[in-house]
Amino acid sequence: MNGSYSTLQGDTWDMIAHKKLGSTDQTDRLMTANLEHVGTLIFQAGVQLNLPEVEGKKSETLPPWKR
């Protein structure tokens, strides 16, 4: 795991994946890492979620000359 995240009121799975993992494409991985909350659509503040490790996250967002 890559750490944890404490939700803010109104967070959604895709918002968290985009903000913390770099892409909404990571939403499935985020949900899989937090199966106990999979029924939640909109989070209350203070829910602790595990963040899965995303390989190559930083290099995908940097231009080639900064990788």
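1. **Burial first.** A residue is buried when its relative accessible area is under 20%, exposed when it is over 50%, and partly exposed in between (1.4 Å probe, protein chains only). By that rule tryptophan 13 is buried, because its relative accessible area is 6%. Buried residues make up 28% of the 67 residues in the protein chain.

2. **What kind of model this is.** This is a predicted model, where local features need pLDDT of at least 70, side-chain atom pairs count only at pLDDT 80 or more, and totals for chains, interfaces and linings use all residues. Residues are numbered from 1 along each chain as its sequence is written, and side-chain values use heavy atoms, with hydrogens and water left out. The score pLDDT is the predictor's confidence in each residue, from 0 to 100. The protein chain averages 88, and 82% of the residues score at least 70.

3. **The elements.** Helices (H or I, at least four residues) and strands (E, at least two) are DSSP runs, numbered from the N terminus. The protein chain has three helices and two strands. From the N terminus on, their order is β-α-α-β-α. Which element has the lowest mean pLDDT? That is helix 3 (residues 57–61), with 53. Strand 2 (residues 48–51) has the highest, at 98.

4. **The two strands.** Strand 1 and strand 2 run antiparallel, joined by four bridges. Two strands pair if DSSP finds at least two bridges between them. Tyrosine 5 stands opposite leucine 49 in strand 2. Side chains alternate along strand 2. Leu49 and Leu51 point to one face and are buried.

5. **Helix 1.** Trp13, Ile16, Ala17 and Leu21 are buried in helix 1. They lie on the same side of helix 1, because they cover an arc of only 100° around the axis. The arc is that of the directions from the helix axis to the C-beta atoms. An α-helix has 3.6 residues a turn, so residues three or four places apart point the same way. Glycine 22 follows helix 1, and its phi is positive, near 95°.

6. **The aromatic pair.** There is one aromatic pair in the structure. Why is the pair of tryptophan 13 and phenylalanine 43 edge-to-face? The ring centres are 5.0 Å apart and the planes are at 75°, so the pair counts as edge-to-face. Rings of Phe, Tyr and Trp (its six-membered ring) pair if their centres lie within 6.5 Å; planes under 30 degrees apart count as stacked, over 60 as edge-to-face and the rest as tilted. The pair links distant parts of the chain, 30 residues apart. Tryptophan 13 is in helix 1, and phenylalanine 43 is in the loop between helix 2 (27–32) and strand 2. Phenylalanine 43 is buried, with a relative accessible area of 1%.

7. **Threonine 12.** This residue is found in the loop between strand 1 (3–6) and helix 1 (13–21). Is threonine 12 buried or exposed? Threonine 12 is buried, at 17% relative accessible area. Contact means heavy atoms within 4.5 Å. Not counting residues up to four places away in sequence, threonine 12 touches Leu41, Ile42 and Phe43.

8. **Asparagine 2.** Asparagine 2 is found in the segment before strand 1. Its relative accessibility is 45%, so asparagine 2 counts as partly exposed. The C-alpha atoms of asparagine 2 and glutamate 53 are separated by 4.6 Å, though the residues are 51 apart along the chain.
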